[in-house]
Amino acid sequence: MAMFSLRKIVFFIFFIICCGFAHSQAIDSNVDREIRFLLKEKSTKDSRKIVRQFLRFLKSDKISQSEKIKIYSVLNSFGSRKLGFTNSYLVFLDVLLAFDENDLSNKILVNCLDFLMLDKKVISNSELRLFLKKMLHFLNSDVLSSSFDFKWKCVGDFHLDFSDDKTPDLYFSDSKLSLFNAVDTVTLLNVSGRYDILENVFYA
């Protein structure tokens with residue numbers, strides 16, 4: 001009798017695990033399908049290459065189900081904000097692909113997605129677009145800021161986070177900070193500090 005009860009318990013646990021796995025797979029499949037539908041509906045001939053690259057990234061095992069759901073939430077919020085496909089959606093996809101190419105930690109990706117999901121009352125559309133543009137520029141070239149005369153570049157370990165006032169910052173540790181133009185370069189070594197992305201200020 002005890003053995004029969006034990007078998008029933010084991011079978012019940014196995015059944016719950018299988019159901020949970022199947023439910024997780026169903027959610028994962030639905031999120032994939034919704035993202036594909038959303039992007040393919042909005043994409044143009046010129047943007048389809050980026051969309052295809054992103055969908056391959058989405059299909060890989062490099063991101064978790066919870067991260068996929070966050071990506072879907074970000075895309076949905078872009079729709080609610082009525083953001084443009086070229087200057088927002090595509091830049092967002094490029095940022096995600098840059099995260100993948102640079103092999104950055106998933107913690108940085110999650111913090112980026114959490115920031116992008118903030119309400120419009122907290123982060124305006126112009127601030128969101130500026131954040132995406134500057135993050136893409138930094139991920140592709142290590143450049144924090146650029147003007148007609150000079151560029152600021154920071155190379156080293158970093159992480160992304162946002163403070164209580166929802167300001168997105170890049171935090172650096174023992175990094176190389178350079179100010180340069182076509183003629184000269186000034187370099188500071190072993191720099192630790194944070195860079196306020198929206199305000200364009202480096203606090204060392």
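Strands, numbered from the N terminus, are runs of at least two residues that DSSP assigns as E. In this predicted model, a hairpin joins strand β3 to strand β4 through 4 residues.

**View A. The whole chain, with its 6 helices and 5 strands.** Read along the sequence, the elements follow the pattern α-α-α-α-α-α-β-β-β-β-β. Of the 204 residues of the chain, 37% count as buried, and the accessible surface comes to about 12,400 Å², of which 56% belongs to carbon and sulfur atoms. Among the contacts in the chain with a separation of 6 or more, 56% are made by residues 24 or more positions apart.

**View B. The open sheet, in which 5 strands have the order β1-β2-β3-β4-β5 with antiparallel pairing.** The edge strands are β1 (143-146) and β5 (201-203), each of which pairs on one side only. Neighbouring strands of this sheet are turned by 40° against each other on average, when direction is ignored. Strands of a sheet pair through backbone hydrogen bonds, either parallel or antiparallel. Strands β1 and β2, which run antiparallel, are joined by 3 bridges, and in one place Ser145 has Trp152 of β2 as its bridge partner.

**View C. The two hairpins that β3 forms, one with β2 and one with β4.** Strand β2 (residues 151-162) pairs with strand β3 (residues 168-180) in the antiparallel sense over 11 bridges, and Lys151 stands opposite Phe180 in β3. Between β2 and β3 lie 5 residues, and Lys166 in this turn has a positive phi of about 70°. On the other pairing, β3 and strand β4 (residues 185-196) are antiparallel over 9 bridges, with Asp169 standing opposite Asp196 in β4. Helix α5 (residues 106-116) lies across β2 and β3, and runs at about 80° to β2.

**View D. Helix α4, which is mostly covered.** Helix α4 (residues 85-101) has 17 residues and reaches 22 Å from its first C-alpha to its last, close to the 24 Å expected at 1.5 Å a residue. Of those 17 residues, 12 are buried, among them Ser88, Leu90, Val91, Leu93 and Ala98. After the helix comes Asp103, whose phi is positive, near 55°.

**View E. Aromatic rings, of which the structure holds 9 pairs.** Why does the pair of Phe85 and Tyr89 count as stacked? Their centres are 5.6 Å apart and their planes stand at 25°, and planes under 30 degrees apart count as stacked. Because Phe85 and Tyr89 are 4 residues apart in helix α4, about one helical turn separates them. An α-helix has 3.6 residues a turn, so residues three or four places apart point the same way. Phe85 is buried, with a relative accessible area of 13%, and Tyr89 is buried as well, with a relative accessible area of 1%. Ring pairs also link Phe78, Phe85, Tyr89 and Phe92 into a cluster.

View F. Are Phe115 and Phe131 buried or exposed? Phe115 is buried, and so is Phe131.

Methods
Residues numbered from 1 in each chain as written. Predicted model: local features only at pLDDT ≥ 70, side-chain atom pairs only at ≥ 80, totals over all residues. Heavy atoms only, no water. Pairing = 2+ DSSP bridges. Buried < 20%, exposed > 50% of the residue type's maximum accessible area, 1.4 Å probe, protein only. Contact = heavy atoms within 4.5 Å. Areas by Shrake-Rupley, 256 points an atom, 1.4 Å probe, with all protein chains shown as cover. Axes fitted to C-alpha atoms, helices over the stretch in contact; angles between N-to-C directions. Expected span 1.5 Å × (residues − 1). Phe/Tyr/Trp six-rings, centres within 6.5 Å; stacked < 30°, edge-to-face > 60°.
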